[in-house]
Amino acid sequence: MSQPSTPQATVPHPTAAELDLLRVLWLLGPADAKQVHQALLSDRPEATYATVLRQLQLMHAKGLLTRDESRRPQLYAPAQKQDKLQTHLLKDLIAKAFAGSGKALVLAALKGHVSAKERADIQKLLGGEDESK
């Protein structure tokens, strides 16, 4: 007897363009395609309304978005909270690109992607800085 798959196991991976739309929706909350298009224009002025609407429809079909069909225009919203999806994507990245090692991920990030101030903030967070300085 096979067990049903859990939603966690079937979380779809958004593309870069889909992440752009998810960021807009996480910021706006539930929104119609016109609102999403307007909010996206500052970062992607080439985006057309038709393209945004089609992308939202595809993301809904993929399970990345929910859609309130009880009203017109329909409202789209992320199917998962931002931190939950980010955590899932990060776990997947660690497993695939860093052989399951969170330490390897952190070391790679610290090598060239963190400013001196960010590094100091991280050190303070980890308790490695002498606070008497």
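**Close-up views of helix packing in a predicted model**

**View 1. The crossing of helices α1 and α3.** The axes of α1 and α3 come within 11 Å of each other and cross at roughly 90°. On the α1 side the contact is made by Glu18, Leu21, Leu22 and Leu25, while α3 contributes Val52, Gln55, Leu56, Met59 and Lys62. Sorted by class, the residues in this contact of α1 with α3 are six nonpolar, one polar and two charged. The whole model shown here, in this view and in those that follow, is predicted.

**View 2. The crossing of helices α2 and α3.** Helix α2, which covers residues 33-40, and helix α3, which covers residues 49-62, have axes that come within 9 Å and cross at roughly 120°. That angle makes α2 oblique to α3, and the crossing of the two helices is right-handed. In α2 the residues that take part are Ala33, Lys34, Val36, His37 and Leu40, and they meet Tyr49, Val52, Leu53 and Leu56 in α3. By class, this contact of α2 with α3 has seven nonpolar residues, together with one polar and one charged residue.

**View 3. The largest nonpolar core.** The largest nonpolar core of the model has 18 residues, and those with the most contacts inside it are Leu21, Leu25, Val36, Val52, Leu56 and Leu65. Helix α1, which covers residues 16-28, as well as α2 and α3, each supply at least two residues of this core. The largest share, five residues, comes from α1.

**View 4. The surroundings of Leu65.** Leu65 is one of the residues with the most contacts inside the largest nonpolar core. When residues up to four places away in sequence are not counted, Leu65 touches Leu22, Leu25, Leu56, Met59, His60, Tyr76, Ala77, Pro78 and Ala79.

View 5. Leaving aside neighbours within four places in sequence, Gln57 is in contact with Arg67 and Tyr76. The view also takes in Ala33, which is 24 residues from Gln57 along the chain, with 9.5 Å separating the C-alpha atoms of the two residues.

Definitions and conventions: Residues numbered from 1 in each chain as written. Predicted model: local features only at pLDDT ≥ 70, side-chain atom pairs only at ≥ 80, totals over all residues. Heavy atoms only, no water. Axes fitted to C-alpha atoms, helices over the stretch in contact; angles between N-to-C directions. Helix = DSSP H or I, 4+ residues; strand = E, 2+ residues; numbered from the N terminus. Parallel < 35°, antiparallel > 145°, perpendicular 65-115°, else oblique. Left-handed = near helix turned anticlockwise from the far one by under 90°. Contact = heavy atoms within 4.5 Å. Nonpolar A, V, L, I, M, F, W, Y, C, P; charged D, E, K, R; others polar. Core = buried A, V, L, I, M, F, W, Y, C linked by side-chain atoms within 4.5 Å. Buried < 20%, exposed > 50% of the residue type's maximum accessible area, 1.4 Å probe, protein only.
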